[in-house]
Amino acid sequence: MVFQRCFIASGLITFFALGCSGGANSSIKNTTQLVQESNVTQLFIEAKATQNAEDFFDQGNNLLDGQRYEYAIKAYDKAIAIKVETPEAWINRGIALTSLQRYKDAIASYNTAIAINPDKDEAWYNRGIALTSLQRYKDAIGSYDKAIAIKPDKYEALINRGIALTKLHRYKDAIASYDRAIAIKQDLHQVYYNKACSYALQSNLELAIENLEKAIKLVPDKYKKLAKTDPDFTKVRSQKRFQELLQ
């Protein structure tokens with residue numbers, strides 16, 4: 001069975017600074033001017049801190065892309081130390097932790113992102129991946145459902161939801177989830193393969209072959225090789241039609 005991942009490096013933090021203008025001919029105006037200047041100074045201090053947080057966030061993203069996960073985590077920690085309520089940094093920190101198979105720590109990072117902004121579909125989706133990795137399939141499905149509720153066309157979440165449902169032997173529900181993904185994007189070869197797995201696990205040779213053929217048509221070498229040893233096809237592997245498909 002194919003496991004669909006989607007690690008997201010989210011958008012940048014933005015900031016702005018306000019200016020002040022006007023002369024001063026009285027003590028009252030002078031006082032007002034001083035307060036405004038003080039506010040501007042504070043804004044520039046905050047802007048500088050935000051810029052530093054952006055720099056560490058960008059550094060973390062570059063390290064994440066380079067698969068230098070430990071260093072990426074350190075960079076995100078520095079960004080968070082400056083600007084703690086930054087869900088993007090918490091999400092990407094979780095992605096780095098997931099890549100290191102530190103799934104419980106990753107879930108804690110995603111949970112913090114969700115506490116800051118519960119509408120981040122990337123947080124719910126990647127949380128689902130970590131939960132799936134821990135074989136907490138029911139919890140993973142709940143997390144994928146949250147991601148889909150926020151972003152209905154998130155086909156990656158529908159695919160992984162289908163995988164978690166298959167692990168729970170809820171094959172009809174899994175196939176329905178895969179079909180929803182296909183309705184969004186037609187050429188999802190991994191979905192056809194996973195549907196074939198679900199049908200094979202139910203000993204449905206006809207539909208297993210039908211969907212495996214679609215996957216093989218899109219990516220021939222990968223799925224022919226994979227299906228030869230995938231235990232999901234154990235119940236149909238001895239069938240002549242199945243063997244002929246893999247030749």
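Biologist: Is Lys154 buried or exposed?
Modeller: Lys154 counts as buried, because its relative accessibility is 4%, where buried means under 20% relative accessible area, exposed over 50% and partly exposed in between, with a 1.4 Å probe and protein chains only. Please keep in mind that this is a predicted model, in which local features need pLDDT of at least 70 and side-chain atom pairs count only at pLDDT 80 or more, while totals for chains, interfaces and linings use all residues. Residues are numbered from 1 along each chain as its sequence is written, and side-chain values use heavy atoms, with hydrogens and water left out.

Biologist: Which residues is Lys154 in contact with, leaving aside its neighbours within four places in sequence?
Modeller: Those are Asp121, Tyr125, Ala147 and Ile148, with contact meaning heavy atoms within 4.5 Å.

Biologist: And what joins the side chains of Lys154 and Asp121?
Modeller: They are joined by a polar contact of 2.9 Å, that is, a pair of N or O atoms within 3.5 Å, where within protein one must be able to donate a hydrogen and the other to accept it, and residues adjacent in sequence count only if both atoms are side-chain atoms.

Biologist: New topic: is Thr234 buried or exposed?
Modeller: Thr234 counts as exposed, because its relative accessibility is 51%.

Biologist: Which backbone oxygen lies 2.7 Å from a polar atom of the Thr234 side chain?
Modeller: That is the backbone oxygen of Pro231.

Biologist: How far apart are Thr234 and Ala200 in sequence and in space?
Modeller: They are 34 residues apart in sequence, whereas in space the C-alpha to C-alpha distance is 7.8 Å.
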